[in-house]
Amino acid sequence: MPKKLTDEIVNAAIDGFTAQKAQLNQRIAELRLLLNGGSPESAAASELAPPKRRKMGAAARRRIAAAQRARWAKVRGGSESGPAKVKAPRPKRRISPEGLKRIIAATKKRWRLQKAAARAK
């Protein structure tokens with residue numbers, strides 16, 4: 001008969017496993033320090049402390065954004081603050097009447113050959 005898991009049992013299991021995980025992490029840190037030649041007490045303290053995140057000021061973000069805008073302007077060939085240069089579009093290419101006649105003739109020849117091959121079979 002399968003056992004029903006209640007929320008209390010699941011929460012207790014999660015708590016137990018997280019405690020075991022913390023103990024294993026502490027032992028791993030101690031063993032790593034033994035390899036490096038340090039004391040295990042300082043390793044446990046440093047292993048549990050999360051790394052500090054560096055914060056960037058608003059002025060630094062503005063400098064980075066301005067530098068990025070300047071790089072993009074250089075790539076586009078425009079000035080830093082002005083709009084990019086607009087190139088005139090190339091004229092649309094058109095096929096000449098002679099070229100169109102050659103294509104039509106080649107297509108009709110190909111069709112004739114295919115029909116002849118189909119009749120030969």
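Select I14 first. I14 counts as partly exposed because its relative accessibility is 46%; buried means under 20% relative accessible area, exposed over 50%, and partly exposed in between, with a 1.4 Å probe and protein chains only. I14 lies in helix α1. Helices are DSSP runs of H or I of at least four residues, strands are runs of E of at least two, and both are numbered from the N terminus.

The model is predicted: local features need pLDDT of at least 70, side-chain atom pairs count only at pLDDT 80 or more, and totals for chains, interfaces and linings use all residues. Residues are numbered from 1 along each chain as its sequence is written, and side-chain values use heavy atoms, with hydrogens and water left out.

Together with I14 they form a nonpolar patch on the surface, with about 370 Å² of accessible area.

Now select residues 7-36, helix α1. Its 30 residues reach 43 Å from the first C-alpha to the last, close to the 44 Å expected at 1.5 Å a residue; the expected span is 1.5 Å times one less than the number of residues. Just after α1, G37 has a positive phi of about 90 degrees.

Proceed to residues 58-76, helix α3. This helix has 19 residues and reaches 27 Å from its first C-alpha to its last, close to the expected 27 Å. G77 follows α3, and its phi is positive, near 85 degrees.

Which helix contains T107? T107 is in helix α4. It counts as buried because its relative accessibility is 19%. The side chain of T107 reaches the backbone oxygen of I103 at 2.8 Å.

Finally, colour the chain by pLDDT, the predictor's confidence in each residue, from 0 to 100. The protein chain averages 84, and 81% of the residues score at least 70. Confidence is lowest in helix α2 (residues 40-48), at a mean of 58, and highest in helix α4 (residues 97-120), at 96. Where pLDDT is low, the predicted coordinates should not be read in detail.

With the whole protein chain in view, there are four helices and zero strands. Buried residues make up 7% of its 121 residues.

Terms used: Patches are made of residues with over 30% relative accessible area and no salt bridge: like charges are joined within 9 Å, nonpolar side chains (Val, Leu, Ile, Met, Phe, Trp, Tyr) within 5 Å. Accessible areas come from the Shrake-Rupley method with a 1.4 Å probe; for residues, only the protein chains shown count as cover. A salt bridge is a side-chain nitrogen of Lys or Arg within 4 Å of a carboxyl oxygen of Asp or Glu. A polar contact is a pair of N or O atoms within 3.5 Å; within protein, one must be able to donate a hydrogen and the other to accept it, and residues adjacent in sequence count only if both atoms are side-chain atoms.
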